[in-house]
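Student: Could you take me through the charged side chains here, with a close look at how they pair up? I would like to follow one part carefully and see how the rest connects to it.

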Amino acid sequence: MNESDKQRYKLIRRELLDEMATLSKITNAISFLTKLLYHYYGKKVILLIDEYDTPFIEAHVNGFYEEIHGDLDSLLSTVLKDNSYLELAMLTGIQRVAKENIFSKLNNPVICTVADKKYSQYFGFTEDETKELLEYYELELNEEVKDMYDGYHIGNTDVYNPWSILNYADNQEIETYWVDTSANTMIINAMKSADSSFKDGFETLIKQNYLQTNVKMGTSFYEKSETSTLWGLFINAGYLTVDKKIKGRRYRIRIPNLEVVDEFKELLSYYMDVSSVEFLDNVIESLQDEDEKGFIAAYKKLLLVPSYYDFKNENSYHMLLFPLCLYLSNTHEVKSNSEEGKGRTDIILKAKNDKYASYVIEFKFGHKDSDDLAILADDAYQQIIREKYDATLQGRVIYIGLGVRLKEAVMKWIVR
């Protein structure tokens, strides 16, 4: 470095180390660094910027986007635009900052979304890579591992979550690793402004574990807030994955694996206006423990949370309980409104092995104050038996009939 560059380097370094430094004072820092690298190595620089969109998202979420947008724009544009020392740059993120902003003067940037085939194998570990890695650590790529960490579909490639696989290989325990690193604040804040079409789609997604809908993955939700860009945010953030492309911007999307199902508990807590996931955990754990008293107590407490005006029909109670049943997916096959025996039952939890009991759950809704909820609960149980909803179940089965009205519930719990 010549003397001028040395002095400039010292100044930039002081500003970077200064806790009170502003973005405007360091906008030229990256550009200056590329110049120094070029002169030292005699080669143009390849620049990699991971999570470039995080400052933009955090600014949106925390309400100071307008204050720093210009400085963030300058920080990136000084290095990406008209930089004679730059060979190429690659930026990764979950939301594309609009082209008319920081990318407005770039020459034809290549944008790759999770729906594109190009580079799809680099978004995660392929099955062969995952198998080889686990074998190195004397671990097996079995169905339990697949259910927990597989399921992402990028372009035309199926991939595993690399962070989770690496942590599993290191700890050799199947746990939810990725969710501990994800910030769902941006998702929850986005859901606050969602319209009724998103809410209808969200309920369908939870009920079916998939949804066919329009998705825009190359547009930032924070710059164009609509249902299609919100689904794009869910996908790009790893909460959902593309099952298949239907036509144009219409896709079939789904929850990728059990690890992400666990993260949806937080989203459901917000969506259902439940102040704490502990409410949800109590219901789930009582079913896991086959705890009759614990289940009805937890369910009644859960009924006290939403407005009773939301309980308009039997389906309202169904939709309150069914999403929680999804958290039993690692031990049970979870079905909703499925054809069983001679009819269609509300909820079936089919145990995957003899260690657990299966459940058949049926609701009966009280339309009038005079309706006896105990009689309705018995009617629900009798319907289960009469229609043979348990036809495909083996081993221990627990039958739950629920008579419900407003914020009241009476249960009949029979074990066979």
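Tutor: Let's start at R386, which counts as partly exposed because its relative accessibility is 47%, where partly exposed lies between buried (under 20% relative accessible area) and exposed (over 50%), using a 1.4 Å probe and protein chains only. The side chain of R386 meets that of E387 in a salt bridge, 3.7 Å from N to O. By salt bridge I mean a side-chain nitrogen of Lys or Arg within 4 Å of a carboxyl oxygen of Asp or Glu. Salt bridges with shared partners also link E127, E143 and K146 into one network.

A word on the model before we go on: it is predicted, so local features need pLDDT of at least 70 and side-chain atom pairs count only at pLDDT 80 or more, while totals for chains, interfaces and linings use all residues. Residues are numbered from 1 along each chain as its sequence is written, and side-chain values use heavy atoms, leaving out hydrogens and water.

Back to the pairs. Side chains of opposite charge can pair when their charged atoms come close. R344 forms a salt bridge with E339, with 3.1 Å between the closest N and O atoms. In that pair R344 is partly exposed at a relative accessible area of 45%, whereas E339 counts as exposed at 62%. R252 and D243 also join their side chains in a salt bridge, at 2.9 Å from N to O. Here R252 is partly exposed at 23% relative accessibility, and D243 is partly exposed too, with 26%. The whole structure holds 13 salt bridges.

E292 belongs to helix α13, residues 292–303, a helix being a DSSP run of H or I with at least four residues, numbered from the N terminus.

Finally, the chain as a whole. The protein chain has 49 positive and 67 negative charges, and their mean positions are 6 Å apart. In that count Lys and Arg are positive and Asp and Glu negative, with His and the chain ends not counted. Buried residues make up 47% of the 416 residues in the protein chain.

Terms used:
The place of a charge is taken as NZ of Lys, CZ of Arg, CG of Asp or CD of Glu. Helices (H or I, at least four residues) and strands (E, at least two) are DSSP runs, numbered from the N terminus.
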